[in-house]
Structure formats: structure tokens, C-alpha cells
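Subject: Structure handover

Hi,

Here is the structure I promised to pass on. Have a look at it first, and then read on for what turned up.

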Amino acid sequence: MAVDAFVEGIGIAVSWPVIGWMVVGLLLGIILGALPGIGSPVGMAIVLPLTLPLDATSAIVLLAAIYSGAMFGGSIAAILINAPGTESAAATTLDGYPMAKNGLAKNALAIATTASALNGFLAAITLVLISPILIGVVLAFGSPEYFLLAILGISLITIVTQGSIVKGLVAGALGFMISTIGTGILSPTPRFTFGQFGLYDGISFVAALIGMFAFAEMMKLAAQDMIAESDVEMTGSIKDGVMTVFKYPKTTFKAGVIGMLIGMIPGSGATTSTFVAYAEEARSSAEDGFFGEGDPRGVIAPEGANNPTVSGSLVPTLSFGIPGSGSTAVLLGGLLMHGLQPGPTLFGDQLQITYALFISLFLGNIVIVLVGLSVIPYASRITELDTDIIIPVVVVLSFIGAYTLNQNWYDVGAVLALGVLGFYMVRYNYSVIAFVLGIVLGPIAEENFFRSLQISGGSYSIFFDPINRPLSFVLALATILIITGPFLKPRIDRALGRA
């Protein structure tokens, strides 16, 4: 069955218009990723409601392609103007920008293109190879496990993304609360609608994603006049840059492994993987390295890790519905909006769609190489865009996209209100991702929670039964340890005399 689905997935991935949307998504992602302040979450959030007329496979391939393209696009601004287009490209600035200042801008961009695409190829192949294992794991999960996994995912993210557990939990809980607005999932009772008919369907999670990522980011970007403050000189050799990647195969391979493994951890994301890959390379090559001054390995490591992180992050997103970053949260929103349910369905009856997505990622790296190497001589122009043009376009598209979801002005209001909320959450270090996850995962957690109680006849022991449901017990125990661990550890250390 898996082989048949794989063959069918290849046919879908190379069919029209799916392959066309993949190319459009990659080009769009590269451009959006190259614009500091935009990046993949904003671009995907804007495009998300516009995918409504598309079939589910085309829409998901388009969103994933934007994500993948933005991973590479972020390196353009990072190398040329020392302002990463995406957070994941921040590590690239450490040696990419010094290379540009040393007259090797083309070399650095060619290294970024080659390392990102090469490891993207390998990661996509790995994803296809491990999918039979994922199928077995996913099918072992039932309603109690999915409920506990949603709680565990948010718990992990509050720790990894922001550091402040209390602020992360507050943000996640607030997201959960907002997801309860509207008619109850298992009962026809309206909740927190204040008599407003427009709120009976609740706050659209797509509108929430647009507000938290696109609108809030534009408020931040409004403080800048131009993306780049000065002209960028394009010098160096593209050919030498490409060959440099193959000169350091160990660095390239190691970065890919790090990127994929960290991408599989909910809450880690590409920012973590790229910095870990950079730090590991700086450590292992300390003897002959000149990191921070334009060492090409300082570009290979983070860029070689970013695209494998995309593939790795699809594992928890598609398997369990737990996104690990803002981009995968939007991707999850796209899955749900188009009626695709992460978990057993995507690895069962709809396995061909999952394989089509994996194969599209593989093919997309060919486009990244072709486009990336072709646009290098002109890459500096994209950093010259005026924010007075970018911001109105994004804001108008955000409002249009939100209104077209349900022809409901409350969704437009949600974009505005949650955009302002997102701006201040970022300013005061509250996790936006935890908040968004609360909204996206809230209905899934609620539905599986009540379904579990129906299965158990109302007994909560179904979540803590080590004999009959050992997986539930392990997940519940892990969640408790993750939440209480940081509070208990100092006390244990003091009791043992280690503090």
C-alpha cells in the first residue's frame, strides 16, 4: 500500500498545476525571505486564505514551498546587508556578511544556495525513507494520546522558544481561551459570543495567524524607512562558491543531520538548528578556523541546516499536528483549512498526499539551485525596496484575505486586534508561537479530550493508565516533568547541596 501511495504521490507532485504552484511558492518564498521583517511566517499567513480556491494538495505544496524558499531567501539579506531576512538566517550573518565585506558576496551567496539545496535533497530523501516507521508510530495514537500530545507540544514550545515558562504558559492558555469562542464542538451551546451572531463560528485561526504574524510584523517594520541603508557591492565568484561547499563535505553533511534532527523537536525550529550547526562547526574547526571574519564554513553550517529543518519539522506537524515554529503553525492551519487532518489520515487514506509533499520538497531544491545561482548578480536589488510600499501592500492583503475566509467582518477585526496583541507580546517577550498553537490546537485538544472521556465513560484514568494505555501514561508523565522540572530542579539541587 505504501509503495502504491508513493508512486501515486510522484504522479501528483509532477502533475499540473501542483508542480506549477511549487515553483510559484519557491519564488515567492525566496523573495519574501530576502525581505527583513517579512520572512516565511508572514508570507505564508498572507497567502493562506488566498489558497481557498485551490485543491488541498496544491495549497499545501504552495505553502511548504514558500517555507522552503524563504529558508534560502533569508540568507540574501543576511549576507549582503547584515540583516537576516528570517530569524533562521541570523547565524549566517556571522560569517556571510564579513565575506561580503571582503569582496566575496557572490561566493557567500553561492555557498548558501548550494549548501541549502544539497542538504534539502538529502533531507527529503530521508523523509521518504523513514515514512514507513512514522506510519506505525502514528497509528499507535488514539484520542487520549492526541490530547496529551497537544498539551505536551505546547509545554515543550514554552520552554524552547522563549525561556520564560510562565509567560509561555500564559500565552498558550490565552490562545486556548480564544479558541473556545463560538459554538461548542460537541454541544450546540454558544460560548463567549456576547450575543454577536458573527462570533458563533468563533475566531478563525487563519485570521489569527494573519494578525499575529503579518499585521504585527508590519507594525515592527514601520519603524524602518528602507530595508537596506546603503548600496551593496556584488563581487566574487559564483563558481568558486559552489566548489567551496564540496570542499567541506563533512561540514555540509553534519549540518544537514543537525538540522533534520532538531527540526523534528517541537518548538525548536530553524533558528535553533542553524545556531547549533554553526556553534558545532566553530567548535570542531577551532584550530584552523577564522569564524566571525568570513570563514566559508560559517556559511555552510547554518545554510546546510536550514532546509533539512523544514523536512524535519514536517514530522511532528504531519504526524501529530504539533508544529515546531511559526511557519509550520501556518502550514498546520493550511492543512486544517483544507480538510486534511494530521495523524492517521495523512499516513493512511491520504498517504499519497503526504508523499506528494515530500517529493515536492525534493524537486523544489532543484528550483532553489537554478533560481538561487541565477539571481545572485541581481540579489542586492531586492534589499532596496521601500517599506512605504511593502507595509500597505501586506496590510491590505491581510484584510482582504481575512474577509474572504467567511465574508465576516469579525475576522477582519480579529486580524487588527490580534495584530496589536502580537506586537506587544513580542515587545514583552511572550511567546507568539505558544499563543498561536493554543488557538490552532485548542479545538483538536478539546475534541479529543471529550472523545476520550466518552470512551472511558467519564473516567480521567484513561490519561494515566500505565497498564492499558502506556503511551498515554508516558505522555502525561513527560508533560508533568517538563512543566514542573524547572521549578523543582533548584530545590532538588539545594537539598542535595549542589547549589
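The helix pair to start with is α4 and α5, which are oblique to each other. Their axes cross at roughly 55° and come within 6 Å. The crossing of α4 past α5 is right-handed. On the α4 side, the contact is made by Ser 75, Ala 78, Ile 79, Leu 80 and Ile 81, while α5 brings in Thr 92, Thr 93, Gly 96, Tyr 97 and Ala 100. Sorted by class, that contact has six nonpolar residues, four polar ones and no charged ones. If you want to find the two in the viewer, α4 covers residues 56-81 and α5 covers residues 90-101.

Before going further, a word on confidence, as this is a predicted model. The mean pLDDT of the protein chain is 80, and 89% of its residues reach 70 or more. Going element by element, the lowest mean pLDDT, 71, belongs to helix α7 (residues 143-162). The highest, 90, belongs to helix α10 (residues 238-247).

From α9, the contact uses Phe 205, Val 206, Leu 209 and Phe 213. From α14 come Gly 326, Ala 329, Val 330, Gly 333, Leu 336 and Met 337. This contact of α9 with α14 divides into eight nonpolar residues, two polar and no charged.

Ser 452 is in helix α18, which spans residues 432-456. Its relative accessible area is 0%, so Ser 452 is buried. If you set aside the neighbours within four places in sequence, the residues in contact with Ser 452 are Ser 143, Pro 144, Ile 462 and Phe 463.

The other one is Ile 390, in helix α16 (residues 387-406). Ile 390 has 9% relative accessibility and therefore counts as buried too. Along the chain, Ile 390 and Leu 221 are 169 residues apart, yet their C-alpha atoms are separated by 9.2 Å.

- Trp 16 and Pro 17 are joined by a cis peptide bond, with omega about 10°. Pro 17 belongs to the loop between α1 (2-13) and α2 (18-34).
- Phe 192 is not a glycine but has a positive phi, near 55°. You will find Phe 192 in the loop between β2 (190-191) and α9. With a relative accessible area of 52%, Phe 192 is exposed.
- Asn 429 is another non-glycine residue with a positive phi, near 60°. Asn 429 lies in the loop that runs between α17 (409-427) and α18. At 48% relative accessibility, Asn 429 counts as partly exposed.

That's what I have for now.

Cheers

Notes:
Residues numbered from 1 in each chain as written. Predicted model: local features only at pLDDT ≥ 70, side-chain atom pairs only at ≥ 80, totals over all residues. Heavy atoms only, no water. Axes fitted to C-alpha atoms, helices over the stretch in contact; angles between N-to-C directions. Helix = DSSP H or I, 4+ residues; strand = E, 2+ residues; numbered from the N terminus. Parallel < 35°, antiparallel > 145°, perpendicular 65-115°, else oblique. Left-handed = near helix turned anticlockwise from the far one by under 90°. Contact = heavy atoms within 4.5 Å. Nonpolar A, V, L, I, M, F, W, Y, C, P; charged D, E, K, R; others polar. pLDDT = per-residue confidence, 0-100. Buried < 20%, exposed > 50% of the residue type's maximum accessible area, 1.4 Å probe, protein only.
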